[in-house]
Amino acid sequence: MDITTKSTDASPPTPQPTVTEQKRAARGATRPGDRIFLGLSRGSGILLLAIMAAIAVFLTWRAALAISKDEGNFLTTFEWNTNASPPVFGIAVLAFGTVVSSIIAMVIAVPVAVAIALFLTHYSPRRLSGPIAYVIDLLAAVPSIVYGLWGALILVPHMNGLFGWLDEYLGWTGIFSWEGGAPRSMLTVGILLAIMILPIITNVSREVFRQVPQMHEEAALALGATRWEVIRMAVLPFGRSGVISASMLGLGRALGETMAVATVLSPTYVIQLSLLDPGGGTFAQNIASKFGEATEFGRDALIASGLVLFVITLLVNGAARAIIARRKEYSGANA
Amino acid sequence: MSTLTEARTSTLRGASLPKWAPWAIAGGSAALAVGIGIVGGLDSKVQWGLIAAILYVLATFVIATSVEGKRQAKDRLATSFVWVAFLLAVIPLASLVYETVKRGVKVLDGYFLTHSMGLVADSEPGGGIYHAIIGSLEQVGLATLIAAPIGVLTAIYLVEYGRGALARAVTFFVDVMTGIPSIVAGLFILSIMLIFEMQPFGFAGSCALAILMMPVVVRSTEEMLKLVPNELREASLALGVPKWRTILKVVLPTSLGGITTGIMLAVARIAGETAPVLLLVWGTSFINNNPFEGPQQALPLYIYQQYANSAGSGAAYDRAWAASLTLIAFVMILNLAARGVARWKAPKTGR
């Protein structure tokens, strides 16, 4: 094999193929080996699609079993009581908690991640940027349960000071009022999620910023722009859609994160308007915490809430990918 | 400051701060922050750091505005914001690594790695992670056996054959599949298990992990196959070699290093997944070598259960940290090895 590649590389095949050889090559796709191989590889692709379809079908099936017996409204009930007869459960609290924790995570993570990406591409000493990018890659690989353990045992005790300060000066808003419980609340969860999704947003943004045409930046510099003006006028407009899709990928992670939320949050099934007081829950956390004691019906109900999470992440990720795909076509970077 | 501005005589360049100015401002604001911290009685060092950061940004902006003008001041503001953001982000990440290592080494020894939790209550010291390591290795290994061939074949289809609607659909759904939360993959297998009334066992976890692994393998393999120069394919085809043999004997060997790297990174990713294992494999304190029957343990799940089921026992927390350190070490070694393979077997792109 190796010989083949080497010899063809060294001397391009000069002899013209005869007519019969050309015909044979054209017929290539109908050889049995080819057909089997094409079938195998196409089959794998189709299998992947089938798995996606199966996820949707099976989740919907089990979810339908549960929802048909639900006495409350599945979308608006503020209760999760699957053992009662008749069972009453709804996802309102979970939807609220998931959205709130993800919003906090995004508000913190996106600016910081973009700043780090800019740091790596435009500010850091060149010798440092390689190793730092490498470390950030490694941090993206740290398992979420380790983040969860760290969050619960290290981050939570450190939040007391910040919570006291927020309560003292911003407590009047209601959002930041604190009754002094352990800081296992939505804000802590949001901060932990922000730390967890930081590496992925940074990595994708960095790739985009790196593709900014050198000419644009040099043109701006030649006109006397400062480094910040170069970034604002040449880099950010070019990378905007990339940053948006990177953020949405991060959002997808934050929405579906299970273990970190389950370890840090002390959940109660109420909508907690203050971000500092413990309580509330997210889709994934609720499934992990309630699964142990759930009956078969209770599991179906949890599957129903998982179906909602599946649909939401599907939409978010689909949108992110669509933005990336569109950008590839129209930007001049790859031309 | 006025002497600095007067020292510049050239009219072509505006006045600018000397090179040591940012360092001086940083030192000054750090000292001021420590002062405020001591006077104000703030005991959290994090707060000291935050105060120092805010002081630094403000001082830089004010001084630069007065000496260099507004545009330069904005530039310096952006620079300091970027640096501060970077340093702020490094703190938690460094703390994570530091704390895990510091607390993990306490009970991590040969005994810990070679004993299970059988007959050890969660609140007592002793016991180990042998059963979790066995479970993790078997579940992840089986998941890799399922996901790697399917993933590589799908990537081959997309790069070598894929045209038209089917290929576009596969590409799109592979992307979307990357974002499936691990708990949803777990629920999917769970719903099948509920229908067939199956009890939890290791292989069910492997199936869920395989679903999470497939799109990652497809993505990375696709990238690698695209790097194989077309001349190699054309040369092989021109010699009359069938397409499938061209792929097997020319394309795949050329990109083997990259594909291996991708698979190893995917393994590292699924080795840390907890949620599907929690739903499908349940966890046990005993050694179970058979992934096809009975509950098993896995490292991430072990960490969670030591944390959650022990009601704050120090011994359990120590074990959780030690298991975390083991898991991180495993993932990091896989990552580093994968990068090593990538560098060693980098695809030969033309000569």
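Guide: Before we start, a helix here is a DSSP run of H or I with at least four residues, and a strand is a run of E with at least two. The model is predicted.

Visitor: OK. What is the helix and strand content over residues 95–320 of chain A?

Guide: That stretch is 77% helix and 0% strand, and its end C-alpha atoms are 21 Å apart.

Visitor: What annotation covers those residues?

Guide: An unreviewed UniProt entry gives residues 95–320 of chain A the annotation "domain: ABC transmembrane type-1". In chain B, the UniProt annotation "domain: ABC transmembrane type-1", also from an unreviewed entry, covers residues 133–338.

Visitor: And how much helix is there over residues 133–338 of chain B?

Guide: There the chain is 79% helix and 0% strand, with 21 Å between the end C-alpha atoms.

Visitor: How do helix 6 of chain A and helix 14 of chain B cross?

Guide: The axes of helix 6 (residues 144–170) of chain A and helix 14 (residues 314–344) of chain B come within 10 Å and cross at roughly 145°. The crossing is left-handed.

Visitor: Which residues meet there?

Guide: From helix 6 of chain A, V146(A), L149(A) and L153(A); from helix 14 of chain B, Y317(B), A320(B), S324(B), L327(B) and I328(B). That contact has 7 nonpolar, 1 polar and no charged residues.

Visitor: Back to chain B. What domains does the assignment give?

Guide: Domain 1 is 2–104 and domain 2 is 130–344. Their centres, taken over C-alpha atoms, are separated by 44 Å. The contact between them takes 4 residues from domain 1 and 5 residues from domain 2. On the domain 1 side, those residues are 1 nonpolar, 2 polar and 1 charged.

Visitor: Buried or exposed?

Guide: T76(A) counts as exposed because it has 10 C-beta neighbours inside 10 Å, and the cut-off for exposed is 12 or fewer.

Visitor: What does T76(A) touch beyond its neighbours in sequence?

Guide: Leaving aside residues within four places in sequence, T76(A) is in contact with G90(A) and A92(A). The C-alpha atom of F89(A), 13 residues away along the chain, is 9.0 Å from that of T76(A).

Conventions. Residues numbered from 1 in each chain as written. Chains lettered and ligands numbered in written order. Predicted model: local features only at pLDDT ≥ 70, side-chain atom pairs only at ≥ 80, totals over all residues. UniProt positions renumbered as here; feature names shortened; annotations may be inferred. Axes fitted to C-alpha atoms, helices over the stretch in contact; angles between N-to-C directions. Left-handed = near helix turned anticlockwise from the far one by under 90°. Contact = placed C-beta atoms within 7 Å. Nonpolar A, V, L, I, M, F, W, Y, C, P; charged D, E, K, R; others polar. Domains from an automatic or database assignment. Buried ≥ 20, exposed ≤ 12 C-beta atoms within 10 Å, placed from the backbone.
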